[in-house]
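Welcome, and please open the structure in your viewer. We will go from stop to stop, selecting one element after another.

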Amino acid sequence: MSETLEALQEDIAAGRLQTDELVLNMGPQHPSTHGVLRLELVLDGEAVVKVIPHLGYLHRCFEKHAEAMTYPQVIPYTDRMDYLAAMNNNHGYALAVERLMGIEVPERVEYIRIIMAELQRIASHLVAIGTFGMDIGAFTPFLYCFRDREYILDIFERTCGARLLYNYMWVGGLSHDVHDGFEKDVAEFIRKFRPTIKEVNDLLNYNKIFIERTANVGVLPPDVAISYGCSGPMLRGSGVDFDLRRDDPYSIYDRFDWEVCVGKGDAGTVGDCWDRHMVRVWEMEQSCNIIEQALESFPEGDITEAIPKRIRPPKGEIYTRVENPRGELGYYVISDGSQNPFRVKARGPSFVNLSVIDEISRGHLIADIVAILGSVDIVLGEVDR
Amino acid sequence: MIMEHKEIFDHLTALFPETGLEFDEDVPCIVVPPAAIRDVSLQVRDDEMLQFDFLMCLSGVDNADGTLGVVYHLHSVPLGHKLTLKVIVPADNPHLQSVERVWRTADWHEREAYDLVGMVFDGHRDLRRILNPYDWEGHPLRKDYEVPEFYNGMKVPY
């Protein structure tokens, strides 16, 4: 055994001491991988040299299933991709088929869809923020976040009977109209929820320990983010001012007054874990603004009038994308004129965002990998589809 | 300046007169020969007038007529316009150039297309399966795919 540093270096130079890289498996059963993801870490001491993700543990080939089903039957399968944002998944798929068929949906349906999508965004971000805090060692904010998410799930349950997987947005309309007192419930939730954002800020986001763990960690420069196809809070956290709700507007988002939140590097460098995390916090505030404006002009009407009796889109293909809580969810749907889709390809934001992990993890410590993975906010149901 | 598909097509044919680009009006999209996709991709990414820096989606499709297709949906963040490129390859010789070095996101997308549909991207540095197990046989999204009865001695349910 070498006594001094010089002796140690001599031993290494002479080949008496092995300094090989070490391979460590993180996952698939690891609490910080948010599901069944295996990261093969190549380590030099405690520093990460390379991260090789192995996915597919939840793969069930959604796209193959979709080809064997009629268009409406695919909707419950879209729920199960990003199971924390099932409303948004429904929304994207319904939009794609509606555009293929040229269906215009009634005003009331558009409003309900927007409110549901934004509520779902808040619920999804609450999970992301809560579990990210917990990954880093802050347990209490997790409870605050899940408590408020529960109110949203209650509203969903009262409207469509399900808490997680809704099958709510159908092609041309919705499965149910909202329950009596829906507007009151949502307004009440927003009133209760706004103070929570401040609580989370005080408890977690501006906490010195939290900032030390996340600032300047996993910095993702904007050009790398674009080249890797990152979207959503990943892209905006890197300072790119891009949001599909504003820049490729769908539904009725262009009627509301709200802001796109962008990371500014307040705690460290632009594009670090703290920025990505804060974009989610700020976005919850903006979602509240959108919901409040939508409630003000919430119209009456029949929600079923545009639902077609037979869903058989004409021959053609379309690529539609919506802004999911995690980023750009795209559906590439090809129709051959029959009642089953010829091909449905889902471009999940988690899948694409995860591909950048090797690039932003190199040179960091193992403990930082937990922070980086938490800030990417993946849902394995969507990564593996 | 936002450019339409037809304008982009005219712009590209002027730059690649020999390549044999075709314009498909129904979709609309530009059909690129498999051996030229990397050059065309580099051009649309770096051209001042196009600047397609964001590959939204890369999809593999089995056209069920003996050919496979790869569809590239592109978006330009600075300019805000979109473009669809298509490559058609025969199913018995499904080789085309990789664009993995043009847009880094194509790395995983191409692995997925290789895994599920089975086209081979020449020049890809790490073309392994991604969603299926590494020793899985066949490509599930082929229209003539049959689910194997056994995988490593285990019965495949469904």
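In what order do the 3 strands of the open sheet in chain A lie? Select them and you will find β1-β2-β3, with antiparallel pairing. Keep in mind throughout the tour that this is a predicted model.

**Stop 1: the sheet of chain A**

Colour β1 (22-26) and β3 (47-54) of chain A: these stand at the edges, and each has a single partner strand, so one side of each is left without a neighbour in the sheet. If you look from strand to strand, the twist averages 25 degrees from one to the next.

**Stop 2**

Select α1 of chain A, residues 5-14. Is this helix well covered or hardly covered? It is hardly covered: of its 10 residues, the count of buried ones is 0. Step on to A:Gly15, which follows α1(A) and has a positive phi, near 80 degrees.

**Stop 3: two helices side by side**

Next, show α7 (residues 182-205) and α12 (residues 273-296) of chain A. Their axes are 10 Å apart and the helices pack at an angle of about 160 degrees. Angles over 145 degrees count as roughly antiparallel, and that makes α7(A) roughly antiparallel to α12(A). The crossing in which α7(A) passes α12(A) is left-handed.

From α7(A), the residues in the contact include A:Val186, A:Ile190, A:Phe193, A:Ile197 and A:Val200. Across from them, α12(A) brings residues including A:Met278, A:Val281, A:Met284, A:Cys288, A:Ile291 and A:Leu295. An α-helix has 3.6 residues a turn, so residues three or four places apart point the same way. Charged residues take part as well, among them A:Glu183 and A:Arg194 in α7(A) and A:Glu285 and A:Glu292 in α12(A). By class, this contact has 12 nonpolar, 2 polar and 4 charged residues.

**Stop 4: chain B**

Finally, switch to chain B. How many helices and strands does chain B have? There are 3 helices and 9 strands, and along the sequence they follow the pattern α-β-β-α-β-β-β-β-α-β-β-β.

Zoom out to take in the whole chain: the C-alpha trace of chain B spans about 60 × 30 × 25 Å along its principal axes. Of its 158 residues, 39% count as buried. Among contacts in chain B with a separation of 6 or more, 48% come from residues 24 or more positions apart.

Conventions: Residues are numbered from 1 along each chain as its sequence is written. Chains are lettered from A and ligands numbered from 1 in the order in which they are written. This is a predicted model: local features need pLDDT of at least 70, side-chain atom pairs count only at pLDDT 80 or more; totals for chains, interfaces and linings use all residues. Two strands pair if DSSP finds at least two bridges between them. Helices (H or I, at least four residues) and strands (E, at least two) are DSSP runs, numbered from the N terminus. Axes are lines fitted to C-alpha atoms, for helices over the stretch in contact, and angles run from 0 to 180 degrees between N-to-C directions. Angles under 35 degrees count as roughly parallel, over 145 as roughly antiparallel, 65 to 115 as roughly perpendicular and the rest as oblique. A crossing is left-handed if the near helix is turned anticlockwise from the far one by less than a right angle, and right-handed if clockwise. Two residues are in contact if their C-beta atoms, placed from the backbone, lie within 7 Å. A residue is buried if 20 or more other C-beta atoms lie within 10 Å of its own, exposed if 12 or fewer, and partly exposed in between; C-beta atoms are placed from the backbone.
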